[in-house]
Amino acid sequence: MEFTDGASKRVCVKVENGAVCTTGGKWDELSPEILASIFVRIVPPELMVRSVALVCRNWMETVSGPYCWTEIDLEEWCRRCCIANRSHLIDPVVRKIVRRSRSTFRRLSTYRLGDVGFSFAASRGRCLKILQIPMSEITDQVVEKHAGSLVNITFLDISYCLKITEKGLKAFGKQCKSLTHLRRNMPLWELPTSVEASDINDQEALIIAETMKGLQRLDLAFNRLSDTGIDAILTQCKALTHLEIQGCWNVELKGDLEVRCEKLVDFRSPWIHEREDNLAESSDIDSNEDEYDEESIYSESPSSSDLD
């Protein structure tokens with residue numbers, strides 16, 4: 001880092017090889033709001049805390065205040081933590097960043113969040129509109145206790161959250177009346193040779209239809225719902241325009257269900273078509289040359305002091 005102390009200090013910031021570098025520009029005269037708007041566009045959250053704060057007092061005060069944390073996106077860092085077997089860092093870091101936001105954060109995007117981190121964020125989430133917590137370990141009991149604090153949420157992603165069942169989903173539906181987009185994709189399950197009663201579970205779909213009637217977008221990939229669940233959703237969610245049910249192998253779209261689904265602006269049917277498979281294969285070939293770079297990014301082991 002290179003900067004000059006004093007009233008005539010001229011600095012600017014850029015990220016190089018995981019470090020913050022400084023060169024010309026009168027940034028010491030900028031307000032915290034403007035500095036924060038610049039930092040959040042060019043600096044990852046972990047570097048904002050670990051490096052930017054060390055440049056000077058003004059920058060430290062900026063990243064310690066709420067202006068940098070109205071949009072909290074820690075998902076990539078959380079994934080690296082899990083790869084490095086440091087998932088125990090996630091809840092404490094989420095608590096620290098939420099505290100810095102002073103309850104003004106509008107978006108929280110994490111991965112493998114636990115009950116402690118969720119409880120802390122939800123209790124301070126009066127301004128929260130986007131909550132993305134895939135693969136989290138949150139339980140129904142905690143959701144039922146804190147969902148009432150999330151009344152302004154419009155987008156909720158609880159994909160692969162296996163500890164959230166019908167009870168937790170119902171709590172979200174009853175309390176989060178501003179919800180317009182729900183993402184509840186589930187892990188891939190084995191393709192059944194025949195559909196048996198034990199393979200079908202329409203409970204979540206029926207809860208969604210009953211409690212989330214204002215939904216416009218709904219993602220339910222690899223869910224165990226059947227035509228019964230789809231019919232309830234289409235009947236009660238009158239505002240629905242986008243529906244994703246790929247991998248929902250119990251759905252047959254009998255009667256007029258297929259026609260009703262096709263009337264939506266965007267509909268992804270249960271079965272993945274050959275055309276989509278070919279597109280995916282083509283995309284995989286094109287991305288082979290980038291595999292090394294992507295692996296090198298996610299193989300970085302975050303230090304235990306990354307966000308201290």
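How much space lies in the second largest pocket? About 200 Å³ lies there. The model is predicted, so local features need pLDDT of at least 70 and side-chain atom pairs count only at pLDDT 80 or more, while totals for chains, interfaces and linings use all residues. Residues are numbered from 1 along each chain as its sequence is written, and side-chain values use heavy atoms, with hydrogens and water left out.

**Pocket**

- Of the 10 residues that line the second largest pocket, Met-186, Asn-201, Glu-204, Asn-223 and Arg-224 are the closest to its centre.
- A pocket is an open set of points on a 1 Å grid over the protein atoms alone, with protein on both sides within 12 Å along at least five of seven lines, and lining residues have an atom within 4 Å of a point.
- The lining of this pocket comprises four nonpolar, three polar and three charged residues; Ala, Val, Leu, Ile, Met, Phe, Trp, Tyr, Cys and Pro count as nonpolar, Asp, Glu, Lys and Arg as charged, and the others, Gly among them, as polar.

**Cavity**

- The structure holds one cavity of 30 Å³ or more, a cavity being a set of grid points where a 1.4 Å probe fits but cannot get out.
- The largest cavity is lined by Leu-108, Leu-113, Phe-118, Ala-121, Ala-122, Leu-128, Leu-131 and Leu-150.
- All eight lining residues are nonpolar, and H6 supplies the largest share, three residues.

**Helices H5 and H6**

- Helix H5 (residues 90–101) and helix H6 (residues 115–123) pack at an angle of about 10°, with their axes 8 Å apart; helices are DSSP runs (H or I) of at least four residues.
- H5 is therefore roughly parallel to H6, a term for angles under 35 degrees.
- The contact (heavy atoms within 4.5 Å) involves Asp-91, Val-94, Arg-95, Val-98 and Arg-99 of H5, together with Asp-115, Val-116, Gly-117, Phe-120 and Ala-121 of H6.
- The residues of this contact divide into five nonpolar, one polar and four charged.

**His-146**

- His-146 lies in helix H7 (residues 140–146).
- His-146 counts as buried because its relative accessibility is 12%, buried meaning under 20% relative accessible area with a 1.4 Å probe and protein chains only.
- Leaving aside neighbours within four places in sequence, His-146 is in contact with Phe-118, Ser-119, Ala-122 and Ser-123.

**Helix H10**

- In helix H10 (residues 227–236), the buried residues are Asp-227, Gly-229, Ile-230, Ala-232, Ile-233 and Leu-234.
- Their cover includes helix H9 (203–211), strand S8 (217–219), strand S9 (242–244) and helix H11 (257–262); strands are DSSP runs (E) of at least two residues.

Note on methods
Buried means under 20% relative accessible area, exposed over 50%, partly exposed in between (1.4 Å probe, protein chains only). Axes are lines fitted to C-alpha atoms, for helices over the stretch in contact, and angles run from 0 to 180 degrees between N-to-C directions. Angles under 35 degrees count as roughly parallel, over 145 as roughly antiparallel, 65 to 115 as roughly perpendicular and the rest as oblique. Grid points are joined across faces, edges and corners, and a volume is the space filled by probe spheres set on the points.
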